Structures are given as structure tokens and as C-alpha cells.
Amino acid sequence: MAGRLLLLFIVLPLIETWLLIEVGQEIGALATIAAVIATAVVGSQLVRYQGMQAINDIRACQARGEPPAVPLLEGAALLVAGAFLVTPGFITDTLGFLMLVPPLRRQVARRLLSRMVVITPAGGPYGGDPRRGPDVIEGDFRREDRDRTPRNRPR
């Protein structure tokens, strides 16, 4: 785990910085800055649009009584994609845009889900018959512990 964090927080930014400098020398500093800003703007709009679709998919799964595991993982992938797209750099932008491809994102979500154990309670919101409502027991009650002084007695 420490090796992955080292890679994520030290090695990746160093490679991104080197790549930005190399691209800047080839196409110019202003064009490089414009490309980084453009990918952030376009990517954030795509993440926003696809995020709304993911929310609708989650709601549709819940309405059908199914666990929304795949749409939730797709939403998490969109969150990571958004973070990658607003981070300056070409490698993170490439990874972010790859996560915006719905079939690829769905395949990654299903692969992650196949490695997880999902437990649903029997008769819970995603177990049993979705048409059956919640278990409700109706009845009347009377309080027996009241003070039985003469003024409180029923007449």
C-alpha cells in the first residue's frame, strides 16, 4: 500500500511535470496551458452530465428493487475521473477520459464488483419480493401504568 501511495503522490506528479515541460517545449507554454485548461473544462462538463445519468440509474435500480451496486461503482469511477481531469497533466487527463467511456467504466465496475462480497438482508429493501411492502403490525394499546386517583378514573 505504501508503494502505491508513493507512486500516486510522488512519482506520478514528477512524470506529469516532466511531460508538461516536454510538451511545452514542443508546442509552446501558452498552448500547453490552454490544453490543460481545456481538458479540465470539457472533462468536468462530461463528468457532470454522466454523473446525472448515474444518479438516474441508481434511482431506477432502487425503484425496481434491485441493489444499485454497478451504478454506484460507476458513480465512484466518475468521481475519480473528475479528480483526474481537473489535475493538471496529460497522463491523469488520459486516465480521466478513459473512465468517461461508459462501456469501459461499466466493465471496470463489474470487475470490481466480482471481487466484492455483497450481502443483502432477506426481506430487506433488496431481498425478497419488491412488491411486498414493509412489515407493519397494526393494533391498539392502552396505558396501564397511570396513577389511579379518583379524578383520573374513567366515568
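The mean pLDDT of this predicted model is 83, and 81% of the residues of the protein reach 70 or more. Among the elements, helix α4, spanning residues 90-99, has the highest mean pLDDT at 94, whereas helix α5, spanning residues 102-114, has the lowest at 87. Where pLDDT is low, the predicted coordinates should not be read in detail.

The protein has five helices and zero strands, and along the sequence these elements follow the pattern α-α-α-α-α. Of its 155 residues, 22% count as buried. Among contacts between residues at least 6 apart in sequence, 63% join residues that are at least 24 apart.

**The nonpolar core**

The largest nonpolar core is made of six residues, namely Val47, Ala54, Leu78, Ala81, Leu85 and Leu100. Two or more residues of this core are given by each of α2 (29-63) and α3 (69-86), and the largest share, three residues, comes from α3. In soluble globular proteins, nonpolar side chains tend to be buried together.

An α-helix has 3.6 residues a turn, so residues three or four places apart point the same way.

How do the axes of α1 and α4 cross? They come within 8 Å and cross at roughly 105°, an angle that lies in the range from 65 to 115 degrees, and α1 and α4 are therefore roughly perpendicular to each other. On the side of α1, the contact is made by Leu12, Ile15, Glu16, Leu19, Leu20 and Val23, while α4 takes part through Phe90, Ile91 and Thr92.

**Asn56 and Val70**

Asn56 has its place in α2, and because its relative accessibility is 44%, Asn56 counts as partly exposed. Val70 is found in α3 and, at 16% relative accessibility, counts as buried, the cut-off for that class being under 20%.

Each of these residues can also be paired with a residue farther along the chain, as the table shows.

| Residue pair | Separation in sequence | C-alpha to C-alpha distance |
|---|---|---|
| Asn56 and Pro71 | 15 residues | 9.0 Å |
| Val70 and Val108 | 38 residues | 9.6 Å |

Which residues does Val70 touch, not counting residues up to four places away in sequence? They are Arg106, Ala109, Arg110 and Leu113.

Definitions and conventions:
Residues are numbered from 1 along each chain as its sequence is written. This is a predicted model: local features need pLDDT of at least 70, side-chain atom pairs count only at pLDDT 80 or more; totals for chains, interfaces and linings use all residues. Side-chain values use heavy atoms; hydrogens and water are left out. pLDDT is the predictor's confidence in each residue, from 0 to 100. Helices (H or I, at least four residues) and strands (E, at least two) are DSSP runs, numbered from the N terminus. A nonpolar core is a set of buried Ala, Val, Leu, Ile, Met, Phe, Trp, Tyr and Cys residues joined through side-chain atoms within 4.5 Å. Buried means under 20% relative accessible area, exposed over 50%, partly exposed in between (1.4 Å probe, protein chains only). Axes are lines fitted to C-alpha atoms, for helices over the stretch in contact, and angles run from 0 to 180 degrees between N-to-C directions. Angles under 35 degrees count as roughly parallel, over 145 as roughly antiparallel, 65 to 115 as roughly perpendicular and the rest as oblique. Contact means heavy atoms within 4.5 Å.
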